[in-house]
Amino acid sequence: MITARHVVRRKPAPPPTNAAISSQLLQETAELFKAHKEAMLLAALIAGIVAETSQRRK
């Protein structure tokens, strides 16, 4: 009976930690990059050009 009470009164599992969420986000990002590698590289190139152009204008 004591064991049954202990099992029933168990605390719920804690929510996932930030490390687990970060790991999952990193994994999803890697999969997205693998699926759309050319588009990601082109976007990075354009972002770099825009950033450089904005720095020169200042």
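1. Helices (H or I, at least four residues) and strands (E, at least two) are DSSP runs, numbered from the N terminus. In this predicted model, local features need pLDDT of at least 70 and side-chain atom pairs count only at pLDDT 80 or more, while totals for chains, interfaces and linings use all residues. Residues are numbered from 1 along each chain as its sequence is written, and side-chain values use heavy atoms, with hydrogens and water left out.

2. The chain has 3 helices and 0 strands, in the order α-α-α from the N terminus.

3. On confidence: pLDDT (the predictor's confidence in each residue, from 0 to 100) averages 80 over the chain, and 66% of the residues score at least 70. Where pLDDT is low, the predicted coordinates should not be read in detail.

4. Of the 58 residues in the chain, 0% are buried (buried means under 20% relative accessible area, exposed over 50%, partly exposed in between; 1.4 Å probe, protein chains only).

5. Isoleucine 46 lies in helix H3 (residues 37–57). Its relative accessible area is 46%, so Isoleucine 46 counts as partly exposed.

6. Ile46 also belongs to a nonpolar surface patch with Leu42, Leu45, Ile49 and Val50; together these residues have about 480 Å² of accessible area. Patch members have over 30% relative accessible area and no salt bridge, with like charges joined within 9 Å and nonpolar side chains (Val, Leu, Ile, Met, Phe, Trp, Tyr) within 5 Å. A salt bridge is a side-chain nitrogen of Lys or Arg within 4 Å of a carboxyl oxygen of Asp or Glu.

Conventions:
Accessible areas come from the Shrake-Rupley method with a 1.4 Å probe; for residues, only the protein chains shown count as cover.
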